Amino acid sequence: MSSPPYQPKSTVRLDKKWDSGSNLIAGPAGYIPEDGLTAQEMMSAGVGLTYNDFLLLPGYIDFEAAAVTTKSALTKRITLNTPLVSSPMDTVTESEMAISMALMGGIGIIHSNCDVQYQAEQVRQVKKFKQGFISDPYCIKPTSTIEDVWALKAKLGYSGFPVTENGKIGGKLVGIVTSRDIDFVQDDRMGLAVTEVMTAFADLTVGKEGTSLRDANDLMEKSRKGKLPIIDDDQCLVALISRTDLKKNREHPLASKHPVTKELLVGAAVGTREHDKQRVEALVEAGVDVIVLDSSQGNSLYQINMIKYLKSTYEDLQIIGGNVVTVAQANNLIDAGVDALRVGMGSGSICITQEVMACGRPQGTAVYKVAEYARRFGVPVIADGGIRNVGTIIKALALGGSCVMMGSMLAGTTEAPGEYFYQDGVRLKRYRGMGSLAAMKKKDGGAGKARYFSEGSKVVVAQGVTGAVADKGSILRYVPYLVTGIQHGLQDVGVRSLVQLRSQMYSGEVRFERRTPSAQSEGDVHGLHSYEKAYF
């Protein structure tokens, strides 16, 4: 027997119990429809997507933003508390940038557009900036003069040096000379030996080999000394602890440090040619923690051979390969033995590879495709290019990136190489791509040409430009803003960590949505006569 046709009521009685608001809208049977797309669905349409083409849909919040953990893998063996990496560009990362990035929980990659000695010295300066035990302090001999100490202070930036019999770590400790010993020495006494002014061993407070960092700190507090030598049973110096380093350790609890030596972590870029093996040797001697093979197109015989050589020669050295944007490229480098992959080709703000070479891939698709494949082998992915703000950082991480590499976002900071200048009343710094003509023609450089396979070319084809970026202040203030922004973004998505973000992205719990050009305009500032966009 068929049901009678539906007869709409002429009036609505709101006072009836069954005529609640929800029934009026959806009827008595409510449901929650599936909303948005999984990352796989979004990336399976055969269209290349970049970060501006989509949004993450919000989730459920039951925690504070401060509870979000930003710890993530840089390589198979190295984990960072902050998933931020400064790019190996000559207008972005030298020792000052690398030190500040490490203090903030990230890492800096020293550029290679310079001679070997200069790059190795930049690495050495980062490693000398110690957090806790200084395992290789700069020592001087008893015959060194006060003038020598002043020269070392000008070169190294500090003036406290252990004095050992042979002038090296491991030598018998005879005293320490500090700035207070030499500050008021008259010019005519600069030739005096440091033994005339130093604090002799008999008057020193020392720690024994095996002393914990906490016990060493207690010793320094009781003695009110600025430095604490650590010696063995034969009075030979094995390490040094500095009060200023302990203070820095308290001020920067997220700092990226070696688990044993407590030195700041630092990386360095190298090319993939035969002569780059000598560069790697110098960098390893300087203490580098990770090597980035710097190439615009990493799927080459040169890079594969270099990876195999480095993995067989330096067993503990972590190697980041790239750049890649396809699964096929990633597969070859994974097979060769890389510890992480750098993803991006032509998506940087100063890069024109896609325009000039007609080759590359939209960055969102590149990160997702490579990360989804590489995760099966435990290989982290670094999203390199297209990072413009906190939102793009979150999107890169949500697509599977373990870390993001930044160039233009950091080039305007105080710690970036170069001097500020003013243009139209705006404080700026120069910023250039490593494929720009200026970078390729730099004296003592050559890394720019090598990165784009242009060493032997009579005519150089630029794949980057030179420009300027606005002043962003110090890394020590800028990075905490970025980290807090990441935490709030993950809170909105409803996840407590980057590990959970990636896990729920692959499981389909984190949802995405494509957006039209009109939606992109709607998501930006609009409808105002004028405005000021201040992020922090």
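Q: Why is Phe161 called buried?
A: Buried means under 20% relative accessible area, exposed means over 50%, and partly exposed lies in between, for a 1.4 Å probe and protein chains only. Phe161 has a relative accessible area of 0%, so Phe161 is buried. The model is predicted: local features need pLDDT of at least 70, side-chain atom pairs count only at pLDDT 80 or more, and totals for chains, interfaces and linings use all residues. Residues are numbered from 1 along each chain as its sequence is written, and side-chain values use heavy atoms, with hydrogens and water left out.

Q: Why does Tyr138 count as partly exposed?
A: The relative accessibility of Tyr138 is 32%, so Tyr138 counts as partly exposed.

Q: How many aromatic pairs are counted, and by what rule?
A: Rings of Phe, Tyr and Trp (its six-membered ring) pair if their centres lie within 6.5 Å; planes under 30 degrees apart count as stacked, over 60 as edge-to-face and the rest as tilted. The count by this rule is four aromatic pairs.

Q: Why is the pair of Phe54 and Phe512 called edge-to-face?
A: The ring centres of Phe54 and Phe512 are 5.8 Å apart and the planes stand at 65°, so this pair is edge-to-face.

Q: What makes Phe54 and Phe512 a link between distant parts of the chain?
A: Phe54 is in strand 1 (residues 54-56) and Phe512 is in strand 22 (residues 512-514), 458 residues apart. Strands (E, at least two residues) and helices (H or I, at least four) are DSSP runs, numbered from the N terminus. Both Phe54 and Phe512 are buried.

Q: What kind of aromatic pair do Tyr138 and Phe161 form?
A: Tyr138 and Phe161 form an edge-to-face pair, with 6.0 Å centre to centre and 70° between the planes. Tyr138 is in the loop between strand 6 (133-134) and helix 5 (146-156), and Phe161 is in strand 7 (residues 161-164), 23 residues apart; the pair links distant parts of the chain.

Q: How do you know that Arg273 lies over the face of Tyr302?
A: A charge sits over a ring if NZ of Lys or CZ of Arg is within 6 Å of the ring centre and within 35 degrees of the ring normal. Arg273 lies over the face of Tyr302 at 4.0 Å from the ring centre. Arg375 lies over the face of Tyr506, at 3.7 Å from the ring centre.

Q: Why does Lys262 count as partly exposed?
A: Lys262 has 27% relative accessibility, so Lys262 counts as partly exposed. Lys262 lies in the loop between helix 8 (243-251) and strand 13 (267-270).
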